[in-house]
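Colleague: I have not looked at this one before. Can we go through it piece by piece?

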Amino acid sequence: MKRIAIISSCDTKQQEAAFMAQCLQDNGVAPLIVDMSIGLGTPRGADISREEVFAAAGLRWEELREKTKGELMALMSEAMRAMIFRLYKEEKIDGVMAAGGVQNTTVAMTAMQPLPLGFPKVIASTVACGQKPFSTVVGMRDIVVVPSMSDFTGLNMMTRTTLANAC
């Protein structure tokens, strides 16, 4: 069975991650939820915890908690990049996807950059709407960006439709 990594903030976007996981399962694909939380909330529902993600980059969450949000974002972006690439190299995933706003988009896009052309990479993003240029984020990669017309702040008709289409 194919396995798709879902990059998600499991402290604030757990509902969305669980919905995407269910959509994948309904289509015969095994989900692997990878937590990118940097907040103080308690993450739920991850198959790979933020602690494990940071450890992939040689970092310890306990030592990072006092850093600023900007510093944590930069560190999580690099840690997620290391984790997703490791999962790819070890042939533990057959694709990667994510959904969210600026923070989730930034981390996910950074993680997707080193993956080869042809390896499935999809993100549903609120940043895809409006005037945001994607060349600095997507670069020369084949990352599919699905625009979301509403923020991911829970599940509703709009977010369910966007997430189901991305899956």
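Colleague: Which residue just after H1 takes a positive phi?

Modeller: Gly 28, with a phi of about 75°. Keep in mind that this is a predicted model.

Colleague: What about Glu 91, where is that?

Modeller: Glu 91 sits in the loop between H4 and S3. Its phi is near 55°, a positive value in a residue other than glycine. Most residues other than glycine have a negative phi.

Colleague: Is Glu 91 buried or exposed?

Modeller: Glu 91 counts as exposed because its relative accessibility is 72%, and the cut-off for exposed is over 50%.

Colleague: Back to H1. How far apart are its end C-alpha atoms?

Modeller: They are 18 Å apart. H1 covers residues 14–26, and at 1.5 Å a residue its 13 residues should span 18 Å, so the two values agree.

Colleague: Which residues of H1 are buried?

Modeller: Glu 16, Ala 17, Phe 19, Met 20, Ala 21, Cys 23 and Leu 24.

Colleague: And what do those pack against?

Modeller: The buried residues of H1 pack against S1, S2, S3 and helix H7, which is 157–166.

Colleague: Now the core. How many residues are in the largest nonpolar one?

Modeller: The largest nonpolar core has 31 residues. Ile 7, Val 34, Met 80 and Ile 84 have the most contacts inside it. At least two residues of this core come from each of S1 (3–8), S2 (30–35), H2 (50–56), H3 (61–64), H4 (69–89), S3 (95–100) and H5.

Colleague: Which element gives the largest share?

Modeller: H4 does, with 8 residues of this core. In soluble globular proteins, nonpolar side chains tend to be buried together.

Colleague: What does Ile 7 touch?

Modeller: Not counting residues up to four places away in sequence, Ile 7 touches Val 34, Met 36, Met 80, Ile 84, Val 96, Met 97, Ala 98, Ala 99, Ala 108 and Ala 111. Apart from that core lies another, of 19 residues, among them Ile 6, Ala 21, Ile 33 and Ala 166.

Colleague: How many residues of H5 are buried?

Modeller: 9 of the 11 residues of H5 are buried, so the helix is largely enclosed by the rest of the structure. Among them are Gln 103, Asn 104, Thr 105 and Val 107.

Colleague: Take Thr 105, then. What is it in contact with?

Modeller: Leaving aside neighbours within four places in sequence, Thr 105 is in contact with Gly 100, Ile 123, Ser 125 and Val 127. Thr 105 counts as buried because its relative accessibility is 3%, and buried means under 20%.

Colleague: New topic. How much space lies in the largest pocket?

Modeller: About 160 Å³. The largest pocket is lined by 13 residues, and Ser 9, Thr 12, Lys 13, Gln 103 and Asn 104 lie nearest its centre.

Colleague: Which helix gives the most to the lining?

Modeller: H5, residues 102–112, with 3 residues. By class, the lining has 2 nonpolar, 7 polar and 4 charged residues.

Colleague: Last one: where does Pro 120 lie?

Modeller: Pro 120 is in the loop between H5 and strand S4, which is 121–125. Pro 120 is partly exposed, with a relative accessible area of 40%.

Colleague: What does Pro 120 touch?

Modeller: Asp 94, Gly 95 and Val 96, not counting residues up to four places away in sequence. The C-alpha atoms of Pro 120 and Asp 142 are separated by 8.2 Å, and these two are 22 residues apart along the chain.

Conventions
Residues numbered from 1 in each chain as written. Predicted model: local features only at pLDDT ≥ 70, side-chain atom pairs only at ≥ 80, totals over all residues. Heavy atoms only, no water. 1 Å grid on protein atoms, 1.4 Å probe; cavity = no way out; pocket = protein on both sides within 12 Å on 5 of 7 lines; lining within 4 Å. Points joined across faces, edges and corners; volume = space filled by probe spheres on them. Helix = DSSP H or I, 4+ residues; strand = E, 2+ residues; numbered from the N terminus. Nonpolar A, V, L, I, M, F, W, Y, C, P; charged D, E, K, R; others polar. Core = buried A, V, L, I, M, F, W, Y, C linked by side-chain atoms within 4.5 Å. Buried < 20%, exposed > 50% of the residue type's maximum accessible area, 1.4 Å probe, protein only. Contact = heavy atoms within 4.5 Å. Expected span 1.5 Å × (residues − 1).
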